[in-house]
Amino acid sequence: MAFYQDMGKWKDHTACIDSKGNSLTYEELEKEAEILGNTIGERTLVFSYCENAIGSILGYVSFLKHRVVPVLLAADLEKELRESLLRLYQPSYLYVPNRMKKEFELCESVWEKFDYCLLRTKYSKKVEMYSELALLLTTSGSTGSPKLVRQSYQNIQSNAAAIAEYLELNAMERPITTLPMNYTYGLSIINSHFFVGAKLLITENTLLEREFWDFFRREKATSFGGVPYTYEILKKLKFFEMDLPSLKTMTQAGGKLSPELHLEYAEYAEKHQKHFVIMYGQTEATARMAYLPWEKAITKYGSMGIAIPGGKLWLKTPEGHKIDQPEVVGELVYEGENVTLGYAECREDLVQGDLRQGRLETGDMAKMDQDGYFYIVGRKKRFLKIFGNRVNLDETERIVKQKYPELDCACAGVDDKLYLFMTERMYEKEIKTLLSEKLGLHPSAFHIVWIKEIPKNNAGKILYKKLEKYYGGL
């Protein structure tokens with residue numbers, strides 16, 4: 001039985017507690033989820049505007065249990081994008097924080113509790129959907145795009161089980177939220193810990209706020225997850241000097257952490273008897289595809305690791321042939337039960353079945369060492385031809401950040417025009433010289449552009465698409 005169908009077995013275990021002291025046991029969560037699900041009463045489509053809050057998580061659990069299909073969106077999604085998605089998908093219900101209710105005055109409120117309310121829309125309840133479709137998420141880097149990832153019940157269950165297995169999770173875990181629940185990584189933390197009956201610590205406070213750390217210490221958090229940006233910020237906050245005796249595990253995904261920072265955290269973890277686990281995944285694979293066992297965090301630093309339990313990773317040439325020898329770069333391919341059904345770009349696409357059949361061509365370029373551990377070298381589409389030379393944009397970024405860790409920068413561009421976007425007017429000549437030496441290109445190949453801030457999504461990933469507007473006039 002799926003974990004979201006059988007949560008009552010944990011009964012009086014606390015399922016979640018927020019920073020204000022509000023909490024629900026698993027038995028209470030299941031009971032409240034039943035009431036909400038019965039209010040809807042049938043399989044249909046709902047837009048769930050998510051926050052890291054008890055009401056938001058209750059809605060998610062209820063929708064899964066009652067086979068109601070949610071589109072998980074950020075509560076603060078831009079109004080224009082929100083309206084575009086509403087027109088395209090026409091959900092029967094909206095599940096929103098109470099503070100947003102006034103923005104949907106034409107909808108009827110049919111349920112309200114835990115600072116959330118369920119609103120009935122003008123759209124038809126009858127929605128043709130594939131029987132195994134469980135939920136929809138925006139793709140990484142395209143929040144608000146009509147392109148959504150279709151996840152099945154099997155996808156969610158198998159990935160939660162695999163994560164719980166390789167992280168050795170149990171009911172004594174107390175993970176604290178550091179990522180949005182509508183982001184695949186943040187959602188996977190919820191799924192994998194509910195799978196084992198753990199206690200979820202819920203907060204909207206960020207790592208930069210004292211309230212976050214007060215809550216962390218008060219509830220004795222045992223783990224947190226973060227994207228590369230999270231770990232860059234933590235270092236600036238002097239994380240290595242913090243006294244956090246309850247902390248057992250740190251996980252990282254959502255992009256490649258620089259090898260140097262990877263090693264720093266791995267050495268910190270070893271010194272303080274904690275686990276630092278690098279992971280790799282995509283929304284298209286529900287969440288996780290690979291992990292680096294904590295025991296290998298130092299000896300294999302820079303690696304994304306090996307396939308998760310039940311999964312398989314391999315590399316292919318541009319012609320589609322399998323690469324067997326080590327240290328040869330190819331496109332990373334993953335196979336497993338957590339590979340999602342495919343995309344949807346409108347309401348009519350929800351009826352489609354499993355288009356991927358358990359196989360995902362990731363779009364990431366990687367190599368494998370002689371021990372079978374994989375290393376990401378860049379995105380398939382993040383390469384440019386500059387004066388006839390193939391340049392890896394991710395590697396270019398890494399070179400700059402390694403030399404100048406205090407800079408926030410992003411590399412993008414088109415063939416023969418490589419743009420380095422920066423938020424501070426410093427080191428221009430030095431950076432051009434550095435890149436010229438490292439990449440073997442003339443300094444004229446690099447164009448530095450000063451912008452107010454590097455565009456990023458809620459999980460800290462750079463939105464390279466938003467940098468394209470700068471190309472034309474430069």
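Modeller: There are 3 cavities of 30 Å³ or more in this structure. A cavity here is a set of points, on a 1 Å grid over the protein atoms alone, where a 1.4 Å probe fits but cannot get out, and a lining residue has an atom within 4 Å of a point. Points are joined across faces, edges and corners, and the volume is the space filled by probe spheres set on them.

Bear in mind that this is a predicted model: local features need pLDDT of at least 70 and side-chain atom pairs count only at pLDDT 80 or more, while totals for chains, interfaces and linings use all residues. Residues are numbered from 1 along each chain as its sequence is written, and side-chain values use heavy atoms, with hydrogens and water left out.

Let's take the largest cavity, with about 120 Å³ of space. It is lined by 16 residues, and Leu167, Ile189, His193, Ser223 and Thr251 come closest to its centre. Helix 5 (184–195), strand 11 (223–226) and strand 12 (249–252) are the elements that each give two or more residues to this lining. Helices (H or I, at least four residues) and strands (E, at least two) are DSSP runs, numbered from the N terminus. Helix 5 is the top contributor, with 5 residues. By class, the lining has 8 nonpolar, 7 polar and 1 charged.

Helix 4 and helix 5 are the elements that give two or more residues to it. The classes come out at 5 nonpolar, 6 polar and no charged residues.

Helix 4 (residues 153–166) deserves a word of its own. With 11 of its 14 residues buried, it is largely enclosed by the rest of the structure. Buried means under 20% relative accessible area, exposed over 50%, and partly exposed in between, using a 1.4 Å probe on protein chains only.

Two strands count as paired if DSSP finds at least two bridges between them. Strand 12 runs parallel to strand 13 (residues 275–281), over 4 bridges. Thr251, one of the residues closest to the centre of the largest cavity, stands opposite Val277 in strand 13.

A further open sheet has 5 strands, ordered 17-16-18-20-21, with antiparallel pairing. Its edge strands are strand 17 (322–323) and strand 21 (374–379). Strand 16 (residues 312–316) is joined to strand 17 by 2 bridges, with Leu315 facing Ile323. On to strand 18 (residues 330–335), which is mostly covered, 5 of its 6 residues being buried. Strand 18 pairs with strand 16 over 5 antiparallel bridges, where Trp314 sits opposite Val333. Another 5 bridges join strand 18 to strand 20 (residues 359–368), again antiparallel, and Gly330 has Ala366 as its bridge partner there.

Now for open space. A pocket is an open set of grid points with protein on both sides within 12 Å along at least five of seven lines. The second largest pocket has about 620 Å³ of space. Of its 27 lining residues, Thr178, Leu179, Pro180, Thr206 and Asn458 are closest to the centre. Helix 7 (residues 228–236) supplies the largest share of that lining, 3 residues, and the classes are 13 nonpolar, 10 polar and 4 charged.

Last, the cysteines. Taking a disulfide as a pair of cysteine sulfur atoms within 2.5 Å, the count is 0. Cys50 is in no disulfide, and the nearest cysteine sulfur, that of Cys117, is 14 Å away. Cys50 is also buried, with a relative accessible area of 5%.

Technical notes
Ala, Val, Leu, Ile, Met, Phe, Trp, Tyr, Cys and Pro count as nonpolar, Asp, Glu, Lys and Arg as charged, and the others, Gly among them, as polar.
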